[in-house]
Each structure stands twice: as structure tokens, then as C-alpha cells.
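Here is a short tour of one protein model, written for someone new to reading structures. Take a moment to turn the model around before reading on.

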Amino acid sequence: MPRIDADLKLDFKDVLLRPKRSSLKSRAEVDLERTFTFRNSKQTYSGIPIIVANMDTVGTFEMAVVPCCFVSYSGSGKNDLEKMSNILEAVPQVKFICLDVANGYSEHFVEFVKLVRSRFPEHTIMAGNVVTGEMVEELILSGADIIKVGVGPGSVCTTRTKTGVGYPQLSAVIECADSAHGLKGHIISDGGCTCPGDVAKAFGAGADFVMLGGMFSGHTECAGEVIERNGQKLKLFYGMSSETAMKKHSGGVAEYRAPEGKTVEVPYKGDVENTILDILGGLRSTCTYVGAAKLKELSRRATFIRVTQQYNTVFS
């Protein structure tokens, strides 16, 4: 029999953070760095935990030089295992492995996580995507350190319209963070952020890392040439389950499936450093509004209030 879960589930657009008394005198006092020791790899990370999405157009080496503290190898199945081994052996500096599939609920994927953990006991493994606590727990117990949370919220993802499957991102992050932290694991909020305020809400909801795709698209450091059309500069951005991506990596869309991503042209935004400074400036300001001297404290200080409108749209 079909079942309806009638509990309220919310997205970033459904809430605002309530301001609270603060002893901070300036945004400059806010510390955005985090230090994590991962449950299974025992490796330690220190830095500002904002990650560029592992997508063709934005997840470039040129992009990695600017915002990241680390680079990860991204793979999705057993066919990638030999290539993964060769790359990680050739480049020992890469200590992170991202195991990324559209549907992290597959038993085959769980077994693959176990296999990769046995092969690479000292590497930090990111795995996903999922949106529920029980699957977060299973992947952590299978050897993953960081779980990617998000099904369908991305700007170039069409999973929700093609399949009807998904989960509001704010609620997914809150529930998955609770499950992960109980096992000393970590999560990435992957998708759904459209502005710096959404990034702050993701951290406030308990995300350890926030992964951004659309917000990092269209920059100089992104893959692809600048397109000029009707006096406007544009760059290509597409989802990794789009027809564009499948043609590039698999030779086309298989007959048994439908693409679950789209290809768009986004305005050219120049150097990504300016966007990063805007995101970090907004995040520091959030912390001052709620009285969090450190990013680590933001989730403890966060109280979300439901809203019907986030901001005045008269000049949007």
C-alpha cells in the first residue's frame, strides 16, 4: 500500500534565520575555518568547508587552485576502480575519494563503498547521494567518512520532474546531519543553494561541508570557452546526468533511461575569487547576526523561522 509521510519538510526558500544577541563587534572576528578528523580514514582536514561540485564545467583544476584545501578523485562504479588505483598511486597527494552516483540507495553502491574502503584504508571517502538518515548510517558503517546529501535540488538537475523523487534540502540536511554526527561521521549539503544566504542556512542546518555547482558556474576558471551572443557573454553549464554529459562520457543516452539533467548557458561572471569573497562575506555576516564567533557554532545558534516570502522582489 502507498504511504504518505505527512511530517513537514522544508527547503531553503521556506525559512529565514532568526537574529540573536551577539557580542561580536565586527564580521572580521568570525572564524570560518573548521577542523575535522574523519571517522574511518582518521585523516584530518582544516579549512573553509565549501566545495566546488564534481561536475565537468565547474570541477576543474583551475577552480581547485582558488577555493580548495583539497582535491578529490571522483568515480562512480567498479569500472572506475582500476583507473582510480592508477591515479591515486601516481598522485599520492590526493587523499580524498568521491564515490558519486545519482541513487545512493543501491545495494551495489553500498558494496562498492565497502570495496573501495578495503582497497584504500587511509583515504577519506565521500559517498552519495542520499537524503535519509538510515542510508547515511549504512554508508558510514560501510566505510564512508562524508555523505553527500541531496536528491534533485540542483539548478541543472531534472530528477524531480523526470522521476517524481526527491526531498526538500533543508530537512534532508537536518535529518542526515543528526544521523551522521551520532556515528562521528560528516555530511555535505549538495545542491539547492542559489545565494550566500542559502549556504548559511545549510551550515545552520548542520552541514559540515557545502557543495556548490550553479553558484560557481560561468567563471573564468570553469571549463569551456566564453560564448558571445547578442552582445552578452555566456558559458556552458550542464548536469552530470544530462544528455550533454552522457554523450561526452558514455557515448550517448542509453535506451533504457532518460537524462536527468539539463544544459544551460549562464552569464559570464569573471574570476571566481569575487564570488567566493561574496559568499564568505555573507556567511560571516550571518554569524554576526546570530552570535556565532565561529562557523562551528552556527548550527548551535541557528533558529529557523518559517516564512511565505524571503525578500522583497519589487526590483528583482
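Let us begin with Arg160, which counts as partly exposed because its relative accessible area is 29%, a value that falls between the 20% and 50% cut-offs. Keep in mind that this is a predicted model. Arg160 sits in helix α5. Not counting residues up to four places away in sequence, Arg160 touches Asp11, Val151, Gly152, Pro153, Val165, Gly166, Tyr167 and Pro168.

Where is Cys157 found? Look at the loop between β8 (146-149) and α5 (159-163). Cys157 is partly exposed too, since its relative accessible area is 27%. If neighbours within four places in sequence are left aside, Cys157 is in contact with Gly152, Glu260 and Gly261. Gly152 therefore turns up in the contacts of Cys157 and of Arg160, given that contact means heavy atoms within 4.5 Å.

The table puts these two residues side by side.

| Residue | Location | Relative accessible area |
|---|---|---|
| Cys157 | loop between β8 and α5 | 27% |
| Arg160 | helix α5 | 29% |

Now look inside the protein. In soluble globular proteins, nonpolar side chains tend to be buried together. Here, the largest nonpolar core has 83 residues, and Met84, Leu99 and Phe216 touch the most other members. Helix α9 gives the most to this core, with seven residues. What is Met84 in contact with, leaving aside its neighbours within four places in sequence? The answer is Tyr73, Ile97, Leu99, Phe112, Val116 and Phe120.

Helix α9 has a part in another feature as well, the second largest pocket, where it gives the most to the lining with five residues. About 280 Å³ of space lies in this pocket. Its lining is made up of 15 residues, and those nearest the centre are Leu16, Leu17, Gly197, Lys201 and Thr286. At least two lining residues come from each of β1 (15-17), α7 (196-204) and α9 (272-290). By class, the lining has eight nonpolar, five polar and two charged residues.

Key. Residues numbered from 1 in each chain as written. Predicted model: local features only at pLDDT ≥ 70, side-chain atom pairs only at ≥ 80, totals over all residues. Heavy atoms only, no water. 1 Å grid on protein atoms, 1.4 Å probe; cavity = no way out; pocket = protein on both sides within 12 Å on 5 of 7 lines; lining within 4 Å. Points joined across faces, edges and corners; volume = space filled by probe spheres on them. Helix = DSSP H or I, 4+ residues; strand = E, 2+ residues; numbered from the N terminus. Nonpolar A, V, L, I, M, F, W, Y, C, P; charged D, E, K, R; others polar. Core = buried A, V, L, I, M, F, W, Y, C linked by side-chain atoms within 4.5 Å. Buried < 20%, exposed > 50% of the residue type's maximum accessible area, 1.4 Å probe, protein only.
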